[in-house]
Amino acid sequence: MRPLPFYETVADAEQFIDMCMLCGCDYLEPIKGVGAKTALKLVKEYDTMEEILEHLSKGKSQPPEDWPWQEAKELFAKPLVTPAKDVQVRTLSSLGTGTAG
C-alpha cells in the first residue's frame with residue numbers, strides 16, 4: 001500500500017494552509033529546519049498557528065522576525081483573483097497585428 005500524499009493526511013483546509021506557510025510559500029519565507037514532514041507533525045500536534053510558533057520559538061527552528069503569517073493566511077483563505085465571468089478573453093488575431101510593414 002502506498003503512503004497517502006501529505007495533503008490527504010491533514011484534517012482540514014486550515015491545517016493544509018498552516019502546513020504550506022510553515023514550509024514557505026509565495027507569501028512567506030520558509031522557517032529554517034521546517035520541511036513538509038516537520039510541518040505536518042506540527043499541524044497535527046498543535047491546534048493553532050500561534051501554538052506552533054510559540055513551540056518553534058523555544059527551539060532551533062525559529063520563524064523569521066516579523067513573519068507576517070496572519071496576512072499570508074488571509075491571502076490563502078481569500079485570494080485576490082478576478083472571477084472568470086469578469087475576464088474577457090480575446091485572440092491575438094482579434095487585436096490586429098499592430099506592425100508597420
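**How α1 packs against its neighbours**

Reply: In this predicted model, α1 passes α4 in a right-handed crossing, and the axes of the two helices come within 10 Å, crossing at roughly 130 degrees. Since angles over 145 degrees would count as roughly antiparallel and 65 to 115 as roughly perpendicular, α1 and α4 are therefore oblique to each other. On the α1 side the contact is made by Glu-14, Ile-17, Asp-18, Cys-20 and Met-21, and on the α4 side by Trp-69, Ala-72, Lys-73, Phe-76 and Ala-77; these residues divide into 7 nonpolar, no polar and 3 charged.

With α3, α1 also makes a right-handed crossing, the axes coming within 11 Å and crossing at roughly 30 degrees. As angles under 35 degrees count as roughly parallel, α1 and α3 are therefore roughly parallel to each other. Here Asp-18, Met-21 and Leu-22 of α1 meet Met-49, Ile-52 and Leu-56 of α3, a set that divides into 5 nonpolar, no polar and 1 charged.

Several of these residues return in the largest nonpolar core, which has 19 residues, and among them Met-21, Leu-22, Ile-52, Leu-56 and Trp-67 touch the most other members. To this core α1 (13-23), α2 (36-45), α3 (49-57) and α4 (69-77) each supply at least two residues. Leaving aside residues up to four places away in sequence, Ile-52 touches Leu-22, Leu-42, Val-43 and Tyr-46. In soluble globular proteins, nonpolar side chains tend to be buried together.

Terms used: Residues numbered from 1 in each chain as written. Predicted model: local features only at pLDDT ≥ 70, side-chain atom pairs only at ≥ 80, totals over all residues. Heavy atoms only, no water. Core = buried A, V, L, I, M, F, W, Y, C linked by side-chain atoms within 4.5 Å. Buried < 20%, exposed > 50% of the residue type's maximum accessible area, 1.4 Å probe, protein only. Helix = DSSP H or I, 4+ residues; strand = E, 2+ residues; numbered from the N terminus. Contact = heavy atoms within 4.5 Å. Axes fitted to C-alpha atoms, helices over the stretch in contact; angles between N-to-C directions. Left-handed = near helix turned anticlockwise from the far one by under 90°. Nonpolar A, V, L, I, M, F, W, Y, C, P; charged D, E, K, R; others polar.
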